[in-house]
Amino acid sequence: MSLDPQPLAPALEAAEAAGWTVLGLDLDGVRGKAGLMRRCGGALRLPEWVGGNWDALADALRDLSWLPVAGGGGRLVAVTSWRGYAGARPGEWEILVEILEEAVDFWRGQEGEPPLVVLLAEAGPGPEAEAGPTGLRPGPRASNAGGAEGLGAPPRTPRLKRRRGWIGRRG
């Protein structure tokens, strides 16, 4: 894992100290869906029932019973080195971001349950610095994938229908 030491690492350490379960998802070198799913499986400690498909990943992130919260905080996933994957596979990147947004929104709506926060972090401007494929605001700071201020995300319902439709066409 290659987290940028400034300023993300201190923030993650502070989250852990505050009782949050912190996971890092480093996408460095990931160039396809199979690699992404393997990386997600290992980094997010996904249960074995999660196969290599989008729906299983989405389901797993809505049922986080397999990921206990250590100290009463919440769950924080820091996605790093994502620009290479986003540039190589913009359609897949869009689906991943959509799944993460849906999961964050789901847990935000669960009263009394610990939240899920996803941070997209990158060490510096990359090839997608001006306009990311998903409307992400790039930059050296972390972004909240669940907040409108972090992603500038398009409406959720049409995107969900499109993802489900895309999967259906692929079998």
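Entry 1, the model. I am working with a predicted model, in which local features need pLDDT of at least 70 and side-chain atom pairs count only at pLDDT 80 or more, while totals for chains, interfaces and linings use all residues. I number residues from 1 along each chain as its sequence is written, and side-chain values use heavy atoms, with hydrogens and water left out.

Entry 2, salt bridges. I looked for salt bridges (a side-chain nitrogen of Lys or Arg within 4 Å of a carboxyl oxygen of Asp or Glu), and the count came to two. I noted that side chains of opposite charge can pair when their charged atoms come close. I then checked exposure, where buried means under 20% relative accessible area, exposed over 50%, and partly exposed in between (1.4 Å probe, protein chains only). R89 is partly exposed at 35%, whereas E92 is buried at 15%.

Entry 3, the pair in α5. R108 forms a salt bridge with D105, at 3.0 Å from N to O. Both lie in helix α5 (residues 90-108), three residues apart, which means about one helical turn separates them. Here R108 is exposed at 51%, and D105 is partly exposed at 22%.

I took helices (H or I, at least four residues) and strands (E, at least two) as DSSP runs, numbered from the N terminus. In α2 (residues 33-43) I found G35, L36, M37, C40 and A43 buried. Just after α2, R45 has a positive phi of about 60°.
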